[in-house]
Amino acid sequence: MTKVDLSPRPVEAMSPRQLERRESLIAAALALVNEIGVERLQMKQVCERSGVALGTAYRYFSSKDHLLAAAIAEWHRLLLADLVAELRGPRAGLGATDRVVRFVRGGMRAYQRQPELARLRVAVAASTDPFASEALQGMARADSAALHAVMAEVPAAASDLVRHIVGHAWQGELTAWVTGRTTLGDARRRLEDVVRLVLTPYETPFPAPYEGLTEVRPDLRSEVRSEVRPTA
């Protein structure tokens with residue numbers, strides 16, 4: 001007996017009409033998450049809002065988790081594009097540390113404005129659906145690419161590790177805030193401190209006496225200067 005492949009259609013194999021339906025499902029899911037929250041959302045509601053039949057929806061997404069992961073990944077991708085574009089504008093003269101601090105600060109503010117999407121990001125991170133995991137891996141790659149764009153002067157030997165540290169710190173602090181283990185203010189401060197500690201050593205040249213490092217907190221300057229040295 002021939003086994004029927006029930007996997008959702010790959011995005012790259014979709015026709016323009018199919019991509020339009022997929023985008024309608026994602027837009028409806030994001031709107032409903034903001035309205036009623038991720039816990040109460042059902043695939044039937046998404047289909048009713050988007051005008052896509054329930055059976056058809058499963059040709060695009062294997063499960064609710066897959067749909068929600070794709071939805072937050074798409075929203076987050078657009079957020080990253082906006083943050084990178086802003087930092088390539090009038091603030092292009094900032095050093096890598098200041099740019100990445102502004103980058104993560106802007107990201108946290110965006111999630112603060114739409115807290116249900118922050119809850120969605122944390123919720124889908126725990127999904128065991130392989131297609132949801134694939135979407136989240138794509139979001140992590142987008143994070144890494146965006147960080148690379150705003151800290152391009154960091155040496156290649158250190159860049160991957162720095163992006164890994166900053167990306168995981170962002171996810172960790174967002175999770176701590178969403179789950180009530182910390183305040184948003186404390187989460188933002190810790191995240192920005194991580195950025196400063198890992199990136200300040202790669203500022204070239206190291207200003208003396210710290211002129212222009214407007215984003216570096218005074219209580220961190222002596223610690224960074226004495227304990228962290230740039231990689232040769």
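The side chains of E153 and R99 are joined by a salt bridge, with a distance of 2.6 Å from N to O. Because E153 belongs to the loop between α7 (130-150) and α8 (156-178), whereas R99 belongs to helix α5, this pair ties together parts of the chain that lie 54 residues apart in sequence. The two partners are described by separate accessibility values: E153 is partly exposed, at 42% relative accessibility, while R99 is buried, with a relative accessible area of 9%, a value that falls under the 20% limit used for buried residues. These values, like the others reported here, were computed from a predicted model.

In general, side chains of opposite charge can pair when their charged atoms come close. In the whole structure, a search finds 12 salt bridges, and one of them links E35 with R49, whose closest N and O atoms are 2.8 Å apart. Since E35 is placed in helix α1 (residues 16-36) and R49 in helix α2 (residues 43-50), the pair ties together parts that are 14 residues apart in sequence. For R49, the relative accessibility is 42%, and this residue therefore counts as partly exposed.

Elsewhere, salt bridges that share partners connect R105, E192, D193 and R196 into one network.

The packing of helices was also examined, and two packed helices are in general described by the angle between their axes and the distance between the axes. Helix α4 (residues 64-87) packs with helix α5 (residues 96-113) at an angle of about 140°, and the axes are 10 Å apart. The two helices are therefore oblique to each other, given that only angles over 145 degrees count as roughly antiparallel. The crossing of α4 and α5 is right-handed. On the side of α4, the contact is made by I72, W75, H76, L79, L80, L83, V84 and L87, and on the side of α5 by R99, R102, F103, G106, G107, A110 and Y111. Taken by residue class, the contact of α4 with α5 comprises 10 nonpolar, three polar and two charged residues.

Conventions: Residues numbered from 1 in each chain as written. Predicted model: local features only at pLDDT ≥ 70, side-chain atom pairs only at ≥ 80, totals over all residues. Heavy atoms only, no water. Axes fitted to C-alpha atoms, helices over the stretch in contact; angles between N-to-C directions. Helix = DSSP H or I, 4+ residues; strand = E, 2+ residues; numbered from the N terminus. Parallel < 35°, antiparallel > 145°, perpendicular 65-115°, else oblique. Left-handed = near helix turned anticlockwise from the far one by under 90°. Contact = heavy atoms within 4.5 Å. Nonpolar A, V, L, I, M, F, W, Y, C, P; charged D, E, K, R; others polar. Salt bridge = Lys/Arg side-chain N within 4 Å of Asp/Glu carboxyl O. Buried < 20%, exposed > 50% of the residue type's maximum accessible area, 1.4 Å probe, protein only.
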